[in-house]
Every structure is written in structure tokens, then in C-alpha cells.
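Subject: Structure handover

Hello,

Here is the structure I promised to pass on. Please look it over before reading my notes below.

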Amino acid sequence: MKQLKNLFQRKTTVWLVLELVLVTLACWWAFDPVLVDRTVTHLPMGFDPDRLVRMEVASHVSEKDMIDRSPMQSEQDVLLQKVQEMDEVEVAYPAYSVPLGFGVQSTSLYLYADGDTLTAWQYFFVPDSKMFEVFGIQSLTPGVPTSELSHDCEYEQSVIITRTLANALFGTTDVAGRTLKTSRTETVWNEEGGDYELGWVEKHYDIRAVVDDVRIEPYDRDYSIVFICEGGPDYNVPIVARLRDGVDASWFVEARREEVQRQLVTDHYYVRDLKSGRQAMTETIEGIGMGRQARRTLLIAAFFAINVAFGVFGTLLMYTRQRREEAGVRRAFGATKWSVFWSFIREAWLLTTVSVAIGCAIYFQFAVSRGLYDNFASPDSAIHLWFDDFGTHFLVVSAIVYLIILCAVLIATAIPAWRICRSEITEAIKEE
């Protein structure tokens with residue numbers, strides 16, 4: 001306490017505290033979004049995009065010009081077979097729904113037994129589509145292996161849910177055969193208004209199996225998905241292929257592009273383009289602006305980090321050098337080089353701790369009224385991350401801000417302090 005009292009008797013210390021408080025507020029505002037976004041970005045997707053290739057399919061015939069679609073469907077099957085016969089391809093499927101990781105699906109509310117609501121994604125898959133095999137989604141239900149997940153499913157009757165959702169709803173993954181009560185938005189007939197409109201429809205599904213966790217979008221933080229057996233044949237849908245182990249998707253796209261576009265052709269269909277899973281996911285993120293937003297927050301954080309480094313370095317260098325005479329006098333009265341050096345370090349640590357504590361206390365008032373950063377619309381998500389709890393969120397970011405500023409302050413103090421301590425006593429006093 002005595003050292004802290006003596007420290008704040010200097011006028012320059014007060015101004016330095018004010019500067020560090022402002023730095024703390026700026027760092028909180030800049031680093032909070034980055035920490036939250038980076039956490040979600042680095043969550044496992046549940047599949048390996050580097051083994052996936054998305055092939056865009058086009059047709060010479062528009063859908064409105066088709067009289068009999070049966071031959072067209074047959075040609076799609078032929079095109080799919082050609083893809084699967086390629087040496088590097090392990091398995092492929094026609095993506096009648098937007099492929100996992102490459103687009104957006106709508107949400108629904110899935111209810112607990114006690115009436116509480118839980119938000120989850122709904123994802124539609126076509127029977128016998130091999131979608132689960134392509135993405136490598138593992139079944140956790142012993143009686144239903146991965147190779148049979150899309151087989152024998154009942155249209156609009158049976159569903160497959162993820163591990164996280166099963167544990168949140170029932171507390172276990174052994175839920176095959178149980179009923180899932182849901183409500184979702186659908187187009188329904190309004191008898192009073194005499195027209196079709198969107199409305200909430202309650203449904204009951206039989207849970208056929210539970211699968212390992214997978215994320216539906218690269219920018220979403222949830223693992224709660226209900227795979228609904230629904231839909232049917234469509235036209236000009238992309239083909240998603242899973243490559244054999246050891247084959248890199250980026251290499252495949254570059255090395256086989258011309259061959260694929262030349263050979264994967266039928267009378268009406270052809271592959272017009274192909275992309276690696278990683279590239280397709282990146283384009284999805286860029287398409288909705290999430291990539292630009294992430295880069296913007298990262299650049300802002302980097303800007304403040306650089307300014308913290310230069311600003312704090314410059315101020316602390318001047319502040320420490322001004323105390324050269326003081327260090328010389330203390331050494332003249334018997335203090336060792338190391339004792340003087342560590343006294344500078346202790347003061348810097350005390351100064352930083354007090355300043356950051358004041359800055360975090362000020363930001364806490366703002367956070368209570370405005371909330372902390374959360375860019376994900378999952379208020380009833382089954383998965384809870386560190387930033388979902390206000391207290392944990394505030395403490396984690398505060399600790400990181402403190403460590404960043406403390407490192408900058410200690411380094412900026414240690415460099416001139418060590419030079420001062422190594423100089424001769426007479427020179428230190430004489431120069432002042």
C-alpha cells in the first residue's frame with residue numbers, strides 16, 4: 001500500500017493512469033467482437049471440407065421447356081454415376097437441399113417436455129441420397145449405421161437429430177423411437193381470410209437415429225439440427241463429392257477441372273464449374289458479408305493493438321527515463337541493480353492493475369445497460385459457450401485485455417529500466 005501511495009503522489013502517474021484507462025476502454029470495445037467471432041469460427045464443423053468438392057450442374061433445357069422430366073432425371077442419375085466412378089471420388093450425392101456449410105436454412109422451435117422452447121436448425125434430406133456418407137456424419141444409434149441413415153426414412157414422419165440436441169431435450173443420446181414435438185412455420189390455409197399465409201404448425205416426429213454433432217453453417221455457433229426426411233427430385237442441383245482419404249480437394253479442382261468439364265456431360269446436363277468445399281464455404285461467408293465483418297473487426301483490433309503498443313511504449317519509455325536520477329540516488333545509498341530494476345517492474349504492474357481495473361469497472365456500466373457482444377441469434381440454443389454467460393464473458397475479455405496491456409507496459413518499462421540500472425551511479429546523477 002505504501003508503494004502504491006508513493007506512486008500516485010507523482011503528477012505524471014495520474015496522467016499515465018488516465019491514458020491506460022482510456023486504452024482499456026478502447027481495447028474492450030475492439031477485442032470483444034474478435035474474441036467471440038474467433039471462438040465460433042474455430043468450432044469444429046463436424047465434417048472435413050478439404051475432402052469435399054461441389055460441382056455446379058447446368059442444363060441446356062430450361063425447366064419450363066421440359067415436357068417429360070423422366071428422361072432428365074435419368075440423365076442426372078447417369079451424371080452422378082460418372083462422378084462416383086472417378087478414381088479420386090469415394091462417394092457423391094445430388095444436393096437437393098443446400099449442402100451443409102454452403103448456405104442458409106430456416107429455423108424452427110423444438111419443444112421440451114415441460115413446455116420450454118429450444119431453438120434448432122431444420123435440414124431436409126432426400127431418401128437414399130447418401131448425404132450422411134458424403135459428409136462423414138457418424139451415426140450414434142447402434143441399429144442404424146451411417147450407411148443406412150438416409151434409407152427407409154418416412155416422408156415427413158421420421159427425423160434424425162444431433163448429439164447436442166438429443167442431450168438437451170432428453171439428457172441422453174439413446175432416444176431412437178421417441179417422439180419429438182415441434183412447431184415450425186409453414187404456408188397454411190387461412191379459412192377466415194380465404195388465402196394462404198405463413199403460420200405456426202405443430203408436428204410430431206419419430207426420432208429414427210442420433211448422429212454426431214455437425215454445424216449447418218460456417219458462421220453459426222449451434223450444433224442443434226433436426227434432419228427431416230422430406231423433398232424429392234429437382235433439376236440442375238449441385239453434386240457434392242467426398243474424395244478418398246489423402247486426396248486434397250484444392251488439388252483435385254485444379255488438376256481435374258478440364259477433365260471433369262469435358263467428360264461429365266450427358267445429352268442435356270453438364271458440370272459447368274467445381275469448387276473445393278473450403279472455397280465454397282468461404283464464398284458463402286463472403287456472400288452474406290460475414291467475411292467482411294470479421295476482417296473489419298480484426299483490423300480494428302489490430303489497429304488498437306498497434307496503437308497500444310506504440311502509445312504505451314512511448315509514454316512508459318519517457319516516464320521511466322525521467323526517473324534516472326532517482327535510480328542513481330537509490331543505488332548510491334546501497335540498493336542493488338536488481339532491486340532497483342524490480343521496483344520499476346512492480347510499480348508498472350501496480351499501475352497497470354489499478355488502471356485496467358478502473359477501465360473495466362467503467363465498461364461494466366456500459367455492458368450492463370447495452371449488453372456484451374453477441375452476433376448470433378440463438379437465445380435458446382442447446383449449446384452454451386463461454387460468452388453466453390454475462391459474468392464469464394466479462395471476466396474472460398477483461399483478463400485478456402489486462403494481459404495484453406500488462407505485457408506492453410512491462411516491456412516498455414523493462415527496456416529503459418534495465419539500461420538505467422546498468423549505467424554508472426555517477427553518470428545517472430550527473431546527467432540529471
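My notes follow, from the overall picture down to single residues.

This is a predicted model, in which local features need pLDDT of at least 70, side-chain atom pairs count only at pLDDT 80 or more, and totals for chains, interfaces and linings use all residues. Residues are numbered from 1 along each chain as its sequence is written, and side-chain values use heavy atoms, with hydrogens and water left out.

Overall picture

The protein has 12 helices and 10 strands. Both are DSSP runs numbered from the N terminus: helices are H or I with at least four residues, strands are E with at least two. Of the 432 residues, 47% are buried. Buried means under 20% relative accessible area, exposed means over 50%, and partly exposed lies in between (1.4 Å probe, protein chains only). The accessible surface is about 21700 Å², and carbon and sulfur atoms account for 55% of that. Areas come from the Shrake-Rupley method with a 1.4 Å probe; for residues, only the protein chains shown count as cover. Take the contacts between residues at least 6 apart in sequence: 78% of them join residues at least 24 apart. A contact here is heavy atoms within 4.5 Å.

Strands

Strand E2 covers residues 89-94 and is largely enclosed by the rest of the structure, because five of its six residues are buried. E2 runs antiparallel to strand E9 (residues 239-243), and five bridges join them. Strands count as paired if DSSP finds at least two bridges between them. Ala92 stands opposite Ala241 in E9.

Glu56 lies in strand E1 (residues 52-59). Glu56 counts as buried, at 12% relative accessibility. Beyond neighbours within four places in sequence, Glu56 contacts Pro238, Tyr270, Val271, Arg272 and Asp273.

Helices

His393 sits in helix H11 (residues 390-422). Its relative accessibility is 1%, so His393 counts as buried. Setting aside neighbours within four places in sequence, the contacts of His393 are Trp28, Asp32, Val36, Leu372, Tyr373, Trp386 and Phe387. Tyr373 is 20 residues from His393 along the chain, and their C-alpha atoms are 9.2 Å apart.

In helix H5 (residues 163-170), the buried residues include Thr164, Leu165, Ala166 and Leu169.

Val14 belongs to helix H2 (residues 11-41). Val14 is partly exposed, at 39% relative accessible area. Together with Trp15 and Leu18, Val14 forms a nonpolar surface patch with about 340 Å² of accessible area.

Loops

Two residues between E4 and H4 deserve a look. Asp128 lies in the loop between strand E4 (117-125) and helix H4 (131-135). Asp128 is not a glycine, yet has a positive phi of about 60°. Asp128 counts as exposed, at 51% relative accessibility. Lys130 is in the loop between E4 and H4. Lys130 has a positive phi near 60°. Lys130 is partly exposed, with a relative accessible area of 33%. Most residues other than glycine have a negative phi.

Asp222 is in the loop between strand E7 (195-211) and strand E8 (225-229). Asp222 counts as buried, at 2% relative accessibility. The side chain of Asp222 reaches the backbone nitrogen of Ser224 at 3.2 Å.

Best regards

Definitions and conventions. Polar contact = N/O pair within 3.5 Å; in protein donor to acceptor, adjacent residues only side chain to side chain. Patch = residues over 30% accessible without salt bridge, like charges linked within 9 Å, V, L, I, M, F, W, Y side chains within 5 Å. Salt bridge = Lys/Arg side-chain N within 4 Å of Asp/Glu carboxyl O.
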